[in-house]
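Colleague: Please take one part of this model and go through it closely, with the cut-offs behind each term, as I would like to follow the description against the coordinates.

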Amino acid sequence: MDHDLFETYVVLCETGSITKTADLLYKTQPAISARIQQLENELGCTLVHREKGKKSIILTPRGEAFLKTAQKFIELYGEIDETRFFLSNSITISTIGSLSATLVPDICNRVISRHHTKMSLLVYQSIEAYQMVANKQLDLAFVSTSSEVPGVDCDALFRLDYVVVQACEQPGPPIHTTLDRFDPKAEIYQRWNPAFDTWHNSRFGTRNYLIHVDSCNVMKQFLQQPGSWAIVQRSNLPELTREFPVQIYELLDPPPTRICYLISSAFPDHLNALAIRHFKEEAYAYSKENGLLPSGV
């Protein structure tokens, strides 16, 4: 049954007047009478006595009994409406680990403050994220590779370059230099993507480093050793410099620029499509404002 029919009946019972009910609901008196008639037809019983000349209505015994049911329905509908709003403004997102410390949290905070969106943020590898977005287990995901997966839209979002960092008590301005300046055996090596790996191996060979780590968080634990150094995404500098100062080196022969992507379902659920759209718009705006959008986007 239609919510409007229940609402009209409850208001009518509270006011005791079709005229007052029409005024409160901004409807005509014939429209109110038609709703009550439709409700009675659907229930198969008479709810209201209709007597000409009387301004106030009188409920039948069945009408009095049905009032409690109608009131419960209105209350439940209100709870459903609140739940619908919560679900429609809630999204689940995943990110690859290398973006989890700065860029993605910055975007999430931006969306939360501007749209009051509730979200869950998880960390998954790109291969897992594609499958989960396709299955609608995730609404959005930040990934490191572009793949053609049925039902998944993939858009380039970040263009990320690299710098060399080295712990230093009193760092100066960024220094432009070549890799010859650094001892390969003192490198804290993180494999950012296949293109970076190819570039790195062509210059140092394989397994010619101090230690291989899989995140900046782990890297920080080793980077303070004397002489150690690492190649990091420029976007990870805020995370590193929060704990100790580092000297930044701009490479004259840097690794290939890394492109990261934002993926989403090509057929999002209607319930949270607006929240997804808001998130994507804020993500692109953030990337553009910070000079990270790939060319042509």
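Modeller: I will take the open sheet, whose five strands lie in the order β4-β3-β5-β13-β6 with mixed pairing, where strands (E, at least two residues) and helices (H or I, at least four) are DSSP runs numbered from the N terminus, and two strands pair if DSSP finds at least two bridges between them. At its edges stand β4 (118-123) and β6 (152-160), each of which pairs on one side only. On average, and with direction ignored, neighbouring strands of this sheet are turned by 20° against each other; axes here are lines fitted to C-alpha atoms, for helices over the stretch in contact, and angles between N-to-C directions run from 0 to 180 degrees.

The model is predicted, with local features requiring pLDDT of at least 70 and side-chain atom pairs pLDDT 80 or more, while totals for chains, interfaces and linings use all residues. Residues are numbered from 1 along each chain as its sequence is written, and side-chain values use heavy atoms, leaving out hydrogens and water.

Within the sheet, β5 (residues 140-143) and β13 (residues 258-265) run antiparallel and are joined by four bridges, and F142 stands opposite L262 in β13. Helix α5 (residues 103-115) packs on the sheet, where it touches β3 (90-95), β4, β5 and β6, contact meaning heavy atoms within 4.5 Å, and the direction of α5 makes about 170° with that of β4. Helix α10 (residues 273-289), for its part, lies across β3, β4, β5, β6 and β13, and runs at about 25° to β6.
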